[in-house]
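Good morning, colleagues. Please take a moment with the next item before I go through the computed values.

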Amino acid sequence: MSDQPWTIERISEAVGNPTLARRFLSEINRAPADQLLAVFTRWQEIAEGILAAVDRGREIAAAEERGEDPTAGWTDATDRVRAEADRVRSRGAA
């Protein structure tokens, strides 16, 4: 990731989607002064998450190009998630 400081422009560019960028700009422009930092920080975290996901995607693509299995070290949580879902359903949750 970049060492550049986060700015409104950088967040707008980092979200990478015109609709999301418009939503961010709308929220930051409508935020009352006492909430500006909270709105900015929330969108900064969103932008950081998007950039991290892009980096992970590029790493996975590069591993696949090298003929590697990028999922080899991943933990399969399917059984744990299903068991938790069954437990929640048994308690009457939708």
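Predicted model: local features only at pLDDT ≥ 70, side-chain atom pairs only at ≥ 80, totals over all residues.

What percentage of the 94 residues of the protein count as buried? The figure is 19%.

Let me turn to the overall architecture. The protein has 4 helices and 0 strands, and along the sequence the pattern reads α-α-α-α. For 94 residues the globule rule gives 12 Å, whereas the radius of gyration of the protein is 19 Å, well over that value, so the protein is more spread out than a compact globule. Along the principal axes, the C-alpha atoms fill a box of roughly 45 × 45 × 20 Å.

Next, contacts and surface. If we take the contacts between residues at least 6 apart in sequence, 47% of them join residues at least 24 apart. The protein exposes about 7300 Å², and 52% of that area is supplied by carbon and sulfur atoms.

As for charge, the protein carries 13 positive and 17 negative side chains. The centres of these two sets are 8 Å apart.

Where is Gln4 found? Gln4 belongs to the segment before α1, the helix that covers 8-14. Is Gln4 buried or exposed? Its relative accessibility is 52%, and exposed means over 50%, so Gln4 counts as exposed. Gln4 also provides a distance across the model: Thr71 is 67 residues away from Gln4 in sequence, and their C-alpha atoms are 31 Å apart in space.

Note on methods. Residues numbered from 1 in each chain as written. Heavy atoms only, no water. Helix = DSSP H or I, 4+ residues; strand = E, 2+ residues; numbered from the N terminus. Rg over C-alpha atoms; globule rule 2.2 N^0.38 Å. Buried < 20%, exposed > 50% of the residue type's maximum accessible area, 1.4 Å probe, protein only. Contact = heavy atoms within 4.5 Å. Areas by Shrake-Rupley, 256 points an atom, 1.4 Å probe, with all protein chains shown as cover. Lys, Arg positive; Asp, Glu negative; His and termini not counted. Charge placed at Lys NZ, Arg CZ, Asp CG, Glu CD.
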